[in-house]
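Work through the exercises below with the sequence and the 3D view open. Try each task before reading its solution.

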Amino acid sequence: MRWILVMALVGNVAYTETVREKQTKMGSPFILTAVHEDEDLAKAAIAAAWQEIDRLEAMISSWRQTSETSAVNRAAGLNPVVVSPETYGLINRALKVSSLSGGAFDITFASAGRFWDFRSGELPDPAAVAKAVEAIDYRNVLLDPDKQTVFLVQPGTRIGFGAIGKGYAANRALRVMVAMGIKSALVNAGGDLVATGVQEDGAPWQISIQHPRERKRLLAQLRITEQAVVTSGDYERFFMVDGKRYSHIIDPRTGYPVEGMQSVTVICPDAELADALATTVFVLGAEKGLELVNRLKSVDAIVVDATGTVTYSLNIHDQIMDGPVSNTQHTTDK
Ligand code: ADP
Ligand code: MG
């Protein structure tokens with residue numbers, strides 16, 4: 001009996017390998033982690049997950065002329081476009097979040113968003129933005145379930161998956177690894193995290209959430225499994241003009257970057273939903289955003305407003321666990 005116990009321990013602890021790889025995807029640093037006794041299997045699963053992310057990037061990136069997103073955008077005001085069931089489903093779910101958020105989350109933000117160039121750091125022409133705002137409305141995205149088409153009714157409307165695509169890619173990458181026999185894995189898609197199983201030592205994945213301005217201040221230490229943790233912030237992609245910070249999250253009502261928020265972290269089982277909701281809460285602001293989160297089952301959030309004040313959703317304490325802390329830390333640092 002004693003012998004069996006020793007074998008079991010050796011099997012679980014000593015021979016479990018953690019493989020971790022980093023690459024830039026979708027314009028952000030991605031890190032894939034897989035835990036398995038068979039290191040070659042872990043490596044193969046990670047390779048398959050990279051391929052999956054590349055496939056999705058080619059499918060939805062608005063930077064690529066050959067993507068389905070670009071095809072839909074080119075046909076704005078002209079004709080419906082047949083898309084893959086996958087893109088159709090993603091748009092359908094994005095539109096649901098739009099109506100849930102009262103339009104705060106809106107993939108047609110890109111109608112105005114395309115005038116904001118965060119690399120040049122130049123402010124867009126206000127008249128161009130004002131005109132583009134008229135083309136922002138998720139209700140102008142018409143889906144035909146029989147024909148599997150997407151039609152942007154207004155000529156100026158554009159869609160973009162910046163606020164939901166990484167979450168979707170994180171979900172898919174995790175599923176691909178699980179399908180290959182990996183039971184414990186962590187996907188970090190540019191700060192959008194999703195995890196399954198446990199770490200090499202059997203402890204849950206540990207995620208540290210930092211304050212967006214005070215980098216040494218921890219807002220929470222989460223110990224998660226089967227959960228996603230996604231942060232939207234004004235500190236990763238932004239530019240300054242005359243001392244004013246312009247973030248990359250656009251208020252669909254104005255076409256201008258949202259002010260009044262520093263960061264939003266959403267915790268829920270689904271990375272795609274967490275991604276979309278983090279952006280939603282960022283646009284809605286602390287009060288309305290948390291009101292929405294508190295109404296949703298299995299969704300929690302940590303919100304830091306423009307003054308740096310931190311507010312937590314009502315059930316967040318179910319997520320922040322006590323107990324011994326493992327050494328491995330995964331931050332949402334981007
Ligand atoms: P991050 O890229 O830091 O994870 P988000 O998930 O909040 O942050 O995504 C921000 C991106 O979403 C922007 O760069 C833009 O592409 C897109 N976006 C901006 N404003 C909106 C909005 N109101 N609704 C939907 N998508 C948006
Ligand atoms: Mg998002």
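**Exercise 1. Describe how α2 and α7 pack, and sort the residues of their contact by class.**

Solution. This is a predicted model.
- Step 1: take the geometry. The axes of α2 and α7 lie 8 Å apart, at an angle of about 150°.
- Step 2: assign the hand. The α2 and α7 crossing is right-handed.
- Step 3: list the residues. From α2 come A45, I46, A48, A49, E52, I53, R55, L56 and I60. They meet G165, Y168, A169, R172, A173, V176 and M177 of α7.
- Step 4: sort them. The contact of α2 with α7 holds 12 nonpolar, 1 polar and 3 charged residues.

**Exercise 2. Find the residues with the most contacts inside the largest nonpolar core, and trace the contacts of L32.**

Solution. 
- Step 1: identify the core. The largest nonpolar core has 69 residues, and L32 and M177 have the most contacts inside it.
- Step 2: find the main contributor. Helix α2 (residues 39-60) gives the most to this core, with 9 residues.
- Step 3: trace L32. Leave aside its neighbours within four places in sequence. L32 is then in contact with V19, R20, E21, I46, A49, W50, I53, A173, M177, L186 and V187.
- Step 4: look for another core. A second, separate core has 17 residues, among them L186, A195, L222 and V229.

**Exercise 3. Which protein atoms are donors of the magnesium ion (ligand 2), and are A163 and D275 buried or exposed?**

Solution. 
- Step 1: name the donors. They are A163 (O), D275 (O), D275 (OD) and T279 (OG1), at 2.1 to 2.6 Å from the magnesium ion (ligand 2).
- Step 2: write the spacing. In sequence the donor residues read A-x111-D-x3-T.
- Step 3: A163 sits in the loop between β5 (149-152) and α7 (165-179), while D275 is in helix α8 (residues 271-284), so the pair ties together parts that are 112 residues apart in sequence.
- Step 4: apply the cut-off. Buried means under 20% relative accessible area. A163 has 18% relative accessibility, so it counts as buried. D275 is buried too, with a relative accessible area of 4%.

**Exercise 4. Describe the packing of α4 against α8.**

Solution. 
- Step 1: take the geometry. Helix α4 (residues 85-100) and α8 have axes 11 Å apart and pack at an angle of about 40°.
- Step 2: assign the hand. The crossing of α4 and α8 is right-handed.
- Step 3: list the residues. L90, R93, V97 and L100 of α4 make the contact with E272, L273, A276, L277 and T280 of α8.
- Step 4: sort them. The contact of α4 with α8 has 6 nonpolar, 1 polar and 2 charged residues.

Note on methods. Residues numbered from 1 in each chain as written. Chains lettered and ligands numbered in written order. Predicted model: local features only at pLDDT ≥ 70, side-chain atom pairs only at ≥ 80, totals over all residues. Heavy atoms only, no water. Donors = N, O, S within 2.8 Å, 3.2 Å for Na, K, Ca; no water. Helix = DSSP H or I, 4+ residues; strand = E, 2+ residues; numbered from the N terminus. Buried < 20%, exposed > 50% of the residue type's maximum accessible area, 1.4 Å probe, protein only. Axes fitted to C-alpha atoms, helices over the stretch in contact; angles between N-to-C directions. Left-handed = near helix turned anticlockwise from the far one by under 90°. Contact = heavy atoms within 4.5 Å. Nonpolar A, V, L, I, M, F, W, Y, C, P; charged D, E, K, R; others polar. Core = buried A, V, L, I, M, F, W, Y, C linked by side-chain atoms within 4.5 Å.
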